[in-house]
Amino acid sequence: MPNIYRSLINNFPNQLITFDDPGLDIELVKSFSREGEIYCEIGSGSGGHLIALAKKNPSAKFFGFELRYKRAYRTIEKALKENVNNVFILRTDAELLSSIFSENSLNGIFVNFPDPWAKRKQQKHRLLNSEFLHKCSVLLKSPYGFISVKTDHQEYFESFRELIKQNNAFRVLEETIDLYNSHYLSSNIVTEFEQLFRSKHIPICYIKLLINTYSQSQYETCSVANI
Ligand SMILES: C[S@@+](CC[C@H](N)C(=O)[O-])C[C@H]1O[C@@H](n2cnc3c(N)ncnc32)[C@H](O)[C@@H]1O
């Protein structure tokens, strides 16, 4: 059956970027993101998290990468219904992150419940790898740029944790393997997949990494944006 959302996504040309013409669309996103605070979410799904963030921070811009047409469409449909105009969905592969955004331009990158690719043979498809960390270290603004990750998959979380240890570009700012029994819960924005995992009582792992520019004491004397 044809996917009706493939044609519907052209309905919102200024918010839902289709990447039918990648060259032109990259230029369009660049023109939207020249100034101000810019945040990206990789695999933004149905967009609940991105829209909630955008409402809380109306002067910032929020870009979600989402491959699925229906989820991309639903996100923008919902955002516009709620008069949220600072959300943009890029209906393309997050691989393009570095082709679209410039060095030292992003305030934060969110990854919520990335596909776990749990089988050993599939693990090469995982998003959270050393190449991704390197890309983020180049794109994030210094000194306050951050990566925020949530997952229900403890083994994936632990292997990401190991990667961070080997990578001195980031320091751990917040971390827990049980978000719902931690003091980070008060600022948590629940995603659609998170609701599903919570309904099955699966613990949620969470980590926030900060780009490693200052010494610990310098960080202690300045405030990190709590978005
Ligand atoms: C498990 S879902 C999580 C969705 C959402 N973050 C949430 O927590 O409700 C993962 C999402 O990432 C998207 N995705 C997976 N790989 C992607 C990629 N390389 N580029 C863009 N989106 C991707 C999928 O289409 C899917 O919607």
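**A tour from the sheet to the pocket**

Start with the strands: eight of them form an open sheet of mixed pairing, in the order β1-β4-β3-β2-β5-β6-β8-β7. The model is predicted.

Select the edges next, β1 (16–17) and β7 (170–176). Each has a single partner strand, so one side of each is left without a neighbour in the sheet.

Move to strand β6 (residues 146–151) and strand β8 (residues 205–211), which pair in the antiparallel sense over six bridges.

Now show helix α4 (residues 69–81). The helix α4 packs on the sheet, where it touches β1 and β4 (87–90). The directions of α4 and β4 make an angle of about 165°.

Stay with aromatic side chains for the next stop. The whole structure holds 13 aromatic pairs. One of them joins Y5 and Y73: the pair is tilted, with 5.5 Å centre to centre and 55° between the planes. Y5 lies in helix α1 (residues 4–8) and Y73 in helix α4, so the pair ties together parts that are 68 residues apart in sequence.

Finish at the largest pocket, which has a volume of about 940 Å³. Its lining comprises 36 residues; select I42, G43, P114, D115 and L127 to find those nearest the centre. The elements that give two or more residues to this lining are β2 (38–42), β5 (108–112), α6 (130–139) and α8 (192–199). Coloured by class, the lining of the largest pocket shows 13 nonpolar, ten polar and 13 charged residues.

Technical notes
Residues are numbered from 1 along each chain as its sequence is written. This is a predicted model: local features need pLDDT of at least 70, side-chain atom pairs count only at pLDDT 80 or more; totals for chains, interfaces and linings use all residues. Side-chain values use heavy atoms; hydrogens and water are left out. Two strands pair if DSSP finds at least two bridges between them. Helices (H or I, at least four residues) and strands (E, at least two) are DSSP runs, numbered from the N terminus. Contact means heavy atoms within 4.5 Å. Axes are lines fitted to C-alpha atoms, for helices over the stretch in contact, and angles run from 0 to 180 degrees between N-to-C directions. On a 1 Å grid over the protein atoms alone, a cavity is a set of points where a 1.4 Å probe fits but cannot get out, and a pocket is an open set with protein on both sides within 12 Å along at least five of seven lines; lining residues have an atom within 4 Å of a point. Grid points are joined across faces, edges and corners, and a volume is the space filled by probe spheres set on the points. Ala, Val, Leu, Ile, Met, Phe, Trp, Tyr, Cys and Pro count as nonpolar, Asp, Glu, Lys and Arg as charged, and the others, Gly among them, as polar. Rings of Phe, Tyr and Trp (its six-membered ring) pair if their centres lie within 6.5 Å; planes under 30 degrees apart count as stacked, over 60 as edge-to-face and the rest as tilted.
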